[in-house]
Amino acid sequence: MCSATSSNNAFTNTRINSTADYITTTTGSGNSLTNTTIYRTNTSVRFIPTITVAASRTVGPSLLNLTFNKTFLNSTALPEFNTSAEITLRGITFTNPQPLVDFNDDGIFETCSSPGCNVVNFNSTTETFVFNVSGWTTYSASESSNNTIDNCTTISSPGYYNLT
């Protein structure tokens, strides 16, 4: 039986395409990722800063879930990935999308604004929405609304409203 350990590997400007586990490390340490994109058909996440991946670590869909219009990273289980990142959502058909965040991972989303989220670009032709996040939980997108409620009124259409 042969056993080997690889340490201090650096991956830069890497794109990982997988539907199974994205990254698996064994006992080696000091392995780092810089400007690395985890790519799925409808969603991708690009981690720009250098991340040193812990030994004996598996990063897969149960801890970093990338689905249509939703991204989730378990930052408790993957603390080294709890860093800024660029999220790309594809197939977004909104007219004026905005990032949403679920701070408590309880299914309740709210508008994510600066400094937590910053919109990079929306291309309605390619239906691609890109925004940066400063840390991790669950993110999504919805139609932005400039609807403002400033006194008692009846809301007759779904959407997000600003209460002033």
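1. Buried here means under 20% relative accessible area, exposed means over 50%, and partly exposed lies in between (1.4 Å probe, protein chains only). At 2% relative accessibility, F47 therefore counts as buried. W136, with a relative accessible area of 7%, is buried as well.

2. On the basis of the values: this is a predicted model, in which local features need pLDDT of at least 70 and side-chain atom pairs count only at pLDDT 80 or more, while totals for chains, interfaces and linings use all residues. Residues are numbered from 1 along each chain as its sequence is written, and side-chain values use heavy atoms, with hydrogens and water left out.

3. The structure holds 6 aromatic pairs, where rings of Phe, Tyr and Trp (its six-membered ring) pair if their centres lie within 6.5 Å; planes under 30 degrees apart count as stacked, over 60 as edge-to-face and the rest as tilted. The pair of F47 and W136 is tilted because the ring planes stand at 40°, with the centres 6.1 Å apart. F47 lies in strand β6 (residues 43–47) and W136 in the loop between β15 (128–133) and β16 (138–143), so the pair ties together parts that are 89 residues apart in sequence. Strands (E, at least two residues) are DSSP runs, numbered from the N terminus. Ring pairs link F47, F81, F122, F129, F131, W136 and Y139 into a cluster.

4. A nonpolar core is a set of buried Ala, Val, Leu, Ile, Met, Phe, Trp, Tyr and Cys residues joined through side-chain atoms within 4.5 Å. The largest such core has 29 residues, and I23, F47, F81, W136 and Y139 have the most contacts inside it. Two or more residues of this core come from each of β6, β7 (51–53), β9 (64–67), β11 (85–90), β15 and β16. Contact means heavy atoms within 4.5 Å. Leaving aside neighbours within four places in sequence, I23 is in contact with residues including L33, V53 and F81.

5. Y39 lies in strand β5 (residues 36–39) and is partly exposed, with a relative accessible area of 26%. R15 lies over the face of Y39, at 3.7 Å from the ring centre; the criterion is NZ of Lys or CZ of Arg within 6 Å of the ring centre and within 35 degrees of the ring normal. Y39 and N17 are 22 residues apart in sequence and 5.1 Å apart in space, C-alpha to C-alpha.

6. With a disulfide taken as a pair of cysteine sulfur atoms within 2.5 Å, the count comes to 1. This disulfide joins C112 to C117, S to S 2.0 Å. The link of C112 and C117 is right-handed, with 90° about the S-S bond, and both cysteines are buried.

Methods: Helices (H or I, at least four residues) and strands (E, at least two) are DSSP runs, numbered from the N terminus.
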